[in-house]
Each structure stands twice: as structure tokens, then as C-alpha cells.
Amino acid sequence: MAESKPRRRWGRLVALGITLAVLVPLGYLWVTSLVPGEYNATEMGYADYGGGSTDGHANHGGMNMDMSTSVADLTGPKTGTPDVAVTLTARKQKFQLASGETVDGYTLNGTSPGPLIRAKVGDLVQVTLVNENVPDGATLHWHGIDVPNAEDGVAGVTQDAVPVGGKHVYRFKAEQAGTYWYHSHQVSSDEVKGGLFGPVVIAPQTPGEVVAAIHTFAGKRTINGRTGTQHVDLPAGTAARVRVINTDNAILRVGLLGTPYKVVAVDGKDVHGATPTTAAYPLAAGARVDLEAVVPAGGMRLVAGAATTSLGVGPADGPTAELPGETVDLLTYGTPAPLGFDPAKADRNFEYRIGRRPGFLDGMPGLWWTINGHKFPDVPMYMVAEGDIVRMKISNTSGQAHPMHLHGHHAVVLSRNGVAASGSPWWIDTLEVGNNETYEIAFVADNPGVWMDHCHNLPHASEGLMTHLMYEGVTTPYRVGGKSHNEPE
Ligand code: C2O
Ligand code: CU
């Protein structure tokens, strides 16, 4: 039975209508998801003032925002002889891990991790980055060190990526004792993974100091660039301080076996009233922890995740065992101490709600991270003025955990899932926010600039889980993308 002509035409129109109804919004979503080939980090997204002043005037005796300030002028000391001067040459190459395996990645002065940079509080540190042949360019970011903004090493925000054959000089005063690390912040999801990083310790070397930078090269977990088990000889009775740095993209349980230990510093800040524990410590990606113990006669062992990657410390290696199931919880660990500011007097109250939804990002269909319901680059820019007390509620319903890292500032944890912190002030620069968790943090906006605030599971940052904390009146002459090919993540 043949359909009549008008009926068929009607059918075609309906089909066309349905197709358009699907394609037009899709096309719209696709087009509006495109990230411009070049953009200014201070002009992306939308300003979120957190309920505070929108006129750019600092009311706390901060810098005068009537005139704008360029990131490029927010440098460390330009004059003065450095106390610590290091040149780091970045290469893309095949190289051998200290334990012998060959890795195709990146080195600094021929090794990965790169050399330890050590300074004392008060030292002027000068690091010259030379890019010998890293094709995408490179930078150095001083993770956890609250340097002046121009020294922060973020390609497209605080500098241009250093091209092959180029160099860049970083100068800053070491002001905070503690354990830190440096890494490239240009195409960081690739370059850091491949080895463009190294440790920084701001403290005089003590006989019991052990630095343990943990990194996974091509699927092989290492401590200081060695796979398997290693040994550091220390006499029994030595007061040991083990500085553990997680340079990977995922959280890692670490801890000492063979003797109770204290968690004496987190992200470079001392813990107040640390007590001995035998539990494991959950070390977020990018975060650091200092573990202290007196070396027992039988030795002790630092375990990084599983006992197959560990470091025996002492006259012997300590027990061969896995870490216990219990976990140190900093929400209650240690004893309270003054914060130095009153979070109840906040000038800004921000929300950083991490979610996920299907859609397009830069024209690519996928399940993308969202911040306050918005996909990159339409995300909130958190606006502050110098001197502001800032509260931020970070919540996560995205289905995965995110180690959230704010540049240029240390924040204190106020609560988790509504439960107030009751232990030592829990200062962080990198905070693991698990799925369905909510943390409230607070900090003082005391370091003018444009500061990244992103997930340190670096592929997530490159997928758009990234925004900025911006001081009103600060501008940047640098551009993401563009002719310098700046691509911070
Ligand atoms: Cu360790 Cu924005 O990075
Ligand atoms: Cu993440």
C-alpha cells in the first residue's frame, strides 16, 4: 500500500525537523565549547567576588589597586648576590633511572628527579632554567613555595614557556622552611610525568635527613628515581626526618614501619603537638609530609604504597611488611594552635564545586569536569583584594577524587563534611578532596598575583579542572596559546 505524496513529504519534514532539533543544539554546544587559540587567563570565565568588594580597592592597606599591576612586575629581589645559585638544564631524552631501567622522558642536568635544591630560610635562591631540547618548551614552578607571582613558573600566566635554546632566571627569597618540589608548568601533564621535576628542601641538612621523592616512571614506582628496595645507613638512635614528596598524579599511602613515627610537617608547615602513630599517611598527589622517628636498633622502613617500593633506614632495613590499614587523619591529629587570622571574619566566601557532565570541551565530546556547574573555560575566577580573609568551600560530586592545589598561598582546613578540624592547624597547599567530600578551607590573600587553583592529578587539569585566584587590578601580559605556545597543563 503506497503512501500518498503529501504524507511522504510530511514524513521527510518531520525527520529533518528531528535531525535539526538534535544537530542545532549540538552544533551550538560544540561551537560554544571551543577554547580560543589564544586567551588571557585574567579574562576567561566570569568573575566571582565571593560576596566581597567588586571595585578593586583593597581596604587593608594593601597595594593601591587604582593603578593596575602587571604580573611581570611582581618579581622576587632583582638585585643581590644569590646564596643558592643553580642552573638546571632541561632535556627530552632517553635516560637511565638510578636503578638501571631505561625511560624515555625528561631530565634536569641529566637526571630525573633533577638535583635537590637546598636553601636556608632567608637565602636568596636563583635558579636558571635552560631548555636544551624540550620541544614543547618548559618552565619551573616551585610547588608549595609561596614565591612572588612572577617567579611562579606558570606558562601563559606568569611567564612564557622557555623555548628550545632559551633560558629563564627565577629569583626568590626562601622564607618558609620545609619540603617542596619543583616541576614544569608547561604541558605539565606530560612533562612532569616524564620526569621534569625535582625536590626542594628549605632547611639546613641534618645527619638524620632522608629525602624521598616518589615518582612513577612508565608504570614503575620509584623513590628518588630507583625502583625496588633501597637502603640509607644511619646509626641507631639518630633522630631521622624523612621528607616524602608525592610527585605522581594519585594519592599514595606512605609510612614508617619498625617504630612509631610522628607526622611533623605537612606541605612545608609544622604540625603542632604531633604524637607517635603507627598508622599509614595518605599523601595526596603533589603534597609532602615529613615523618620523624628515632632510628631503632633493627632499623625502620619507609614504604611508598606497597613494600616492594621501600627504603630501609638505619643500621638494618627494618621489617618487611605492608602498611597497616589504619590512616592518620589530620582533622584530629595533633593539638590546636593560633592560626594568625580569624576565618570567621572572612571578606570572601567562595564555593569550588567540582562536578562532571557530558558535553563538549574545545569541540571534543566527553564527560567533562565542571566547576560550579560550568565547564572550562567558562569557570569562575575567584577575585580577591590584598589583605582579604578568604573562605572556600570545596565540594566534589564528580565521581573521582581530586588533589586540589592553590598556588602562592597556604590555606588551613576548617572542616570536612561539616565536622570542624580539632587537631593541629592543618595547613595545606594540596588537599585531597574525595568523591562526595566537602572541605572548608581559609587563607589570607597576602600574595598579589594571578594564581592557579587546579587539580594536581595533572591530566584532570588539562581536561579543564583548573581556574585562578585573581587579585583585583593585577593584569598579565602573557597569553595561553598564541605564538609562545603556552599550555600550562
Ligand atoms: Cu604542582 Cu599548578 O602545580
Ligand atoms: Cu582531579
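**Copper site, domains and a nonpolar patch**

Reader: How are the donor residues of the copper ion (ligand 2) spaced in sequence?

Author: This is a predicted model. In it, the copper ion (ligand 2) has His-402, Cys-455 and His-460 as its protein donors. Written along the sequence, the spacing of these donor residues is H-x52-C-x4-H.

Reader: How many residues apart in sequence are the parts that His-402 and His-460 tie together?

Author: His-402 belongs to strand β27 (residues 402-406), whereas His-460 belongs to helix α3 (residues 458-462). The pair therefore ties together parts whose separation in sequence is 58 residues.

Reader: How many residues do domain 2 and domain 3 each give to their contact?

Author: Domain 2 spans 72-205 and domain 3 spans 206-328. Their C-alpha centres lie 24 Å apart. To the contact, domain 3 gives 23 residues and domain 2 gives 26 residues.

Reader: Is Leu-20 buried, partly exposed or exposed?

Author: Leu-20 lies in helix α1 (residues 5-33). It is one of the residues making a nonpolar surface patch of about 1200 Å², which also includes Trp-10 and Tyr-28. Buried means under 20% relative accessible area and exposed over 50%. Because its relative accessible area is 44%, Leu-20 is partly exposed.

Definitions and conventions:
Residues are numbered from 1 along each chain as its sequence is written. Chains are lettered from A and ligands numbered from 1 in the order in which they are written. This is a predicted model: local features need pLDDT of at least 70, side-chain atom pairs count only at pLDDT 80 or more; totals for chains, interfaces and linings use all residues. Side-chain values use heavy atoms; hydrogens and water are left out. Patches are made of residues with over 30% relative accessible area and no salt bridge: like charges are joined within 9 Å, nonpolar side chains (Val, Leu, Ile, Met, Phe, Trp, Tyr) within 5 Å. Accessible areas come from the Shrake-Rupley method with a 1.4 Å probe; for residues, only the protein chains shown count as cover. A salt bridge is a side-chain nitrogen of Lys or Arg within 4 Å of a carboxyl oxygen of Asp or Glu. Helices (H or I, at least four residues) and strands (E, at least two) are DSSP runs, numbered from the N terminus. Buried means under 20% relative accessible area, exposed over 50%, partly exposed in between (1.4 Å probe, protein chains only). Donors are N, O and S atoms within 2.8 Å of the metal (3.2 Å for Na, K and Ca); water is not among the atoms, so sites may look incomplete. Domain bounds come from an automatic or database domain assignment. Contact means heavy atoms within 4.5 Å.
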